[in-house]
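Subject: The structure, plus some notes

Hi,

Here's the structure I promised to pass on.

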Amino acid sequence: MAIQVLLVSAGLFHPSLLCRFWLRRALVPLPGYHFTQASSLEALPRLSLDPFRALVLYVHHDTLSTAALDCLDAYLGRGGGLLALHSASASYKEEPRFYEILGGRFVTHGPVEEFAVQLSSPQDEIFRNTPAFSVRDELYRLEYDPGNRVHLHTVVDGEREPVVWTRRWGQGRVCYCALGHTVGAVRHPQTRQILHQGLAWACGEGAP
């Protein structure tokens, strides 16, 4: 039976319609998965989340109701998964609990530019098959929980800046990928591989 995933995605410019199109192209054809579409986390209180093994979140929204946040919190607490991309960390700025769940928040970014991404540990159990690569994207600078497990990073001013991390929230699994501002970044083969592996992990497949 296919793994059920709720894809929460909306936007015309950030994320762009084209980026959202290519995210769907990257995920929806995956064998063994079935995706249901929603445009906002505000749909959560109206849905039964029990069938869904994970949520994919690719939005840039300002506000989140307490009811929707409670649903997300409870869903992850009892073992659901979350794969969040790029602008998710810049959303819901007035909701500190969301950032506690995600494990970090957007602080600033520079221009769209080329930067290198590499594994933070060669022994990585989730993303170990991801080679070092370069991508042209908007580089997010992030404030993040030091308890996060950073899997991939870039280097800015001599310091590591996380690109992909995972964390636990209750019994649930949260994976965040900072890439996803440009179409080229979403279409990049290594980004697609990261999303596939991150989704599988969020769904409870593979590495612990």
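**The cavity and its lining**

The lining of the largest cavity is made up of six nonpolar residues, one charged and no polar ones. (Ala, Val, Leu, Ile, Met, Phe, Trp, Tyr, Cys and Pro count as nonpolar, Asp, Glu, Lys and Arg as charged, and the others, Gly among them, as polar.) Keep in mind that this is a predicted model, where local features need pLDDT of at least 70 and side-chain atom pairs count only at pLDDT 80 or more, while totals for chains, interfaces and linings use all residues. Residues are numbered from 1 along each chain as its sequence is written, and side-chain values use heavy atoms, with hydrogens and water left out.

The lining residues are Phe-115, Glu-138, Leu-139, Tyr-140, Val-163, Ala-178 and Leu-179. Strand β6 (residues 133–144) contributes the most, with three residues; strands here are DSSP runs of E, at least two residues, and helices are H or I runs of at least four, both numbered from the N terminus. The volume is about 30 Å³, and a search of the whole structure turns up one cavity of 30 Å³ or more. A cavity is a set of points on a 1 Å grid over the protein atoms alone where a 1.4 Å probe fits but cannot get out, and lining residues have an atom within 4 Å of a point. Points are joined across faces, edges and corners, and the volume is the space filled by probe spheres set on them.

**The cores**

The largest nonpolar core has 40 residues, of which Leu-23, Tyr-33, Val-56 and Leu-199 touch the most other members. Helix α5 (residues 189–202) gives the most to this core, six residues. A second, separate core of 33 residues includes Ala-43, Leu-44, Ala-68 and Leu-82. By definition, a core joins buried Ala, Val, Leu, Ile, Met, Phe, Trp, Tyr and Cys residues through side-chain atoms within 4.5 Å, with buried meaning under 20% relative accessible area, exposed over 50% and partly exposed in between (1.4 Å probe, protein chains only).

**Aromatic rings**

There are seven aromatic pairs (Phe, Tyr and Trp rings, the six-membered one for Trp, with centres within 6.5 Å; stacked is under 30 degrees between planes, edge-to-face over 60, tilted the rest). Tyr-33 and Phe-35 are stacked, at 6.2 Å centre to centre and 25° between the planes, and both are buried. Tyr-92 and Phe-98 are edge-to-face, at 4.9 Å and 80°.

Cheers

Definitions and conventions. On a 1 Å grid over the protein atoms alone, a cavity is a set of points where a 1.4 Å probe fits but cannot get out, and a pocket is an open set with protein on both sides within 12 Å along at least five of seven lines; lining residues have an atom within 4 Å of a point.
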